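Colleague: I'm new to this one and would like to learn how to read its pockets, cavities and salt bridges. Could you walk me through them?

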Amino acid sequence: MANDDNDSRDLEEGSIRSSVSSLKEMDSNLGALSNDNDTNINDNDGQMSALTANSATLRNRRQNQEGVRQKASVGVPSSVTASTHRKHLLRIKQDCSNGERTFHRVHDPLEEDTISLGGSHNGSGPEIWFEKHVSSVKEVCKNRTFGQWAESLIPIVAWIKTYRWKKNFITDLIAGLTVGFMIVPQSMSYAKLAGLPVEFGLYSSLTPLYAYAMFGSSRQLAVGPVALVSLLLNTGLTLVLDNAGITRENTPDAEYDALYATMAIQTSFLVGICYILMGIFRLGFVTIFLSHAVVSGFTSAAAIIIGLSQIKYVFGYDIPSDKALHKMIRNIFASIDQ
């Protein structure tokens, strides 16, 4: 019996020891979990602090951008302010969430002039647009001095002040004499191409050089008669006289030549007036409406016609000129037996 009691007592002590060890292990596990939780809490606190700092930085940056945008939006229409832009974005977001078609309106800087010209905004009309631009022109004219007006209308007043006489005068003089020697036979051929006496070519070649030195602004542009202008003048005046029933066949040569020369002078005078007005109003931008294909085609056709019109001087017999290419070719072979 004593042995049985000892065995049972040993079993109880063993179970107690195992329970105690289990409790100690659980206690250690709970301590480890508590430490992990404390570490996670500290980490979360650090992340929250970082997020708070980042949000504060973003808030300050946004406030600075709003301040810059408000300063930049002074004098700008309300359609480009940040609040209106935000409303557009919210509307787009709502349309996308509803599955509807949406759009975003982009501000056009010329919108104010267009709206005021059309008279569809704030009751304004063409008279408001006209008054606004007239006032701006008056302000520009009021602020300009006489010297600035002189430099704008007569460019020689501006560049003559900066011209380096010692360095460039000799070379410019040599270049001018070279061009002058070459322009004499060239201008005579242009006059014949225009159907005028050779002295007209000399006048039209030398006079523009002096005029362009006063009113021109380019140092590389060649002024004076060219082959295309001579051909256009001959074609236009001949067509006008033909429509009036005046030809070389029914009119004496002296009378026809005098009438033709008078019309050429009048045409040159009118073209000069148009050039002066275009220069005053700065209408050089109209050349952008001439496409490269048009200019290239006209130049190529004019070169062919000019070349065919000079064949009579090569072959040595008279060939009647004509504005149509096929007629000129026919005239060349029609009188080849001469």
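Modeller: Let's start with helix 10, which gives 11 residues, the largest share, to the lining of the largest pocket. Helices here are DSSP runs of H or I with at least four residues, strands are E runs of at least two, and both are numbered from the N terminus. Keep in mind that this is a predicted model, where local features need pLDDT of at least 70, side-chain atom pairs count only at pLDDT 80 or more, and totals for chains, interfaces and linings use all residues. Residues are numbered from 1 along each chain as its sequence is written, and side-chain values use heavy atoms, with hydrogens and water left out.

Colleague: What counts as a pocket or a cavity, and what is a lining residue?

Modeller: Picture a 1 Å grid over the protein atoms alone: a cavity is a set of points where a 1.4 Å probe fits but cannot get out, while a pocket is an open set with protein on both sides within 12 Å along at least five of seven lines. Lining residues have an atom within 4 Å of a point. Grid points are joined across faces, edges and corners, and a volume is the space filled by probe spheres set on the points. In this model the largest pocket holds about 2,200 Å³. It is lined by 49 residues, with P208, G224, V271, G272 and Y275 the closest to its centre. Two or more lining residues come from each of several elements, including helix 5 (146-153), helix 9 (227-243) and helix 10 (253-280).

Colleague: How does the lining of the largest pocket divide by class?

Modeller: There are 33 nonpolar, 15 polar and one charged residues in that lining. For the classes, Ala, Val, Leu, Ile, Met, Phe, Trp, Tyr, Cys and Pro are nonpolar, Asp, Glu, Lys and Arg are charged, and the others, Gly among them, are polar.

Colleague: What is the volume of the second largest pocket?

Modeller: That one comes to about 1,400 Å³. Among its 33 lining residues, D172, G176, L209, A213 and R219 sit closest to the centre. Helix 7 supplies the largest share, 13 residues, and the lining splits into 21 nonpolar, 10 polar and two charged.

Colleague: And how many cavities are there?

Modeller: One cavity of 30 Å³ or more turns up. The largest cavity has about 50 Å³ of space, and L308, S309, K312, I319, P320, S321 and M328 line it.

Colleague: Now salt bridges: how many does the whole structure have?

Modeller: The idea is a side-chain nitrogen of Lys or Arg within 4 Å of a carboxyl oxygen of Asp or Glu. The search finds two. In one, K161 and E151 meet at 3.2 Å, N to O. This pair links distant parts of the chain, with K161 in the loop between helix 6 and helix 7 and E151 in helix 5, 10 residues apart. In the other, D257 pairs with R248, with the closest N and O atoms 3.0 Å apart.

Colleague: Is K161 buried or exposed?

Modeller: Buried means under 20% relative accessible area, exposed over 50%, and partly exposed in between (1.4 Å probe, protein chains only). K161 counts as exposed because its relative accessibility is 60%. E151 is partly exposed at 33%, D257 is partly exposed at 36%, and R248 is partly exposed at 42%.

Colleague: What does the secondary structure of the protein come to?

Modeller: It comes to 13 helices and zero strands. Buried residues make up 14% of the 338 residues.
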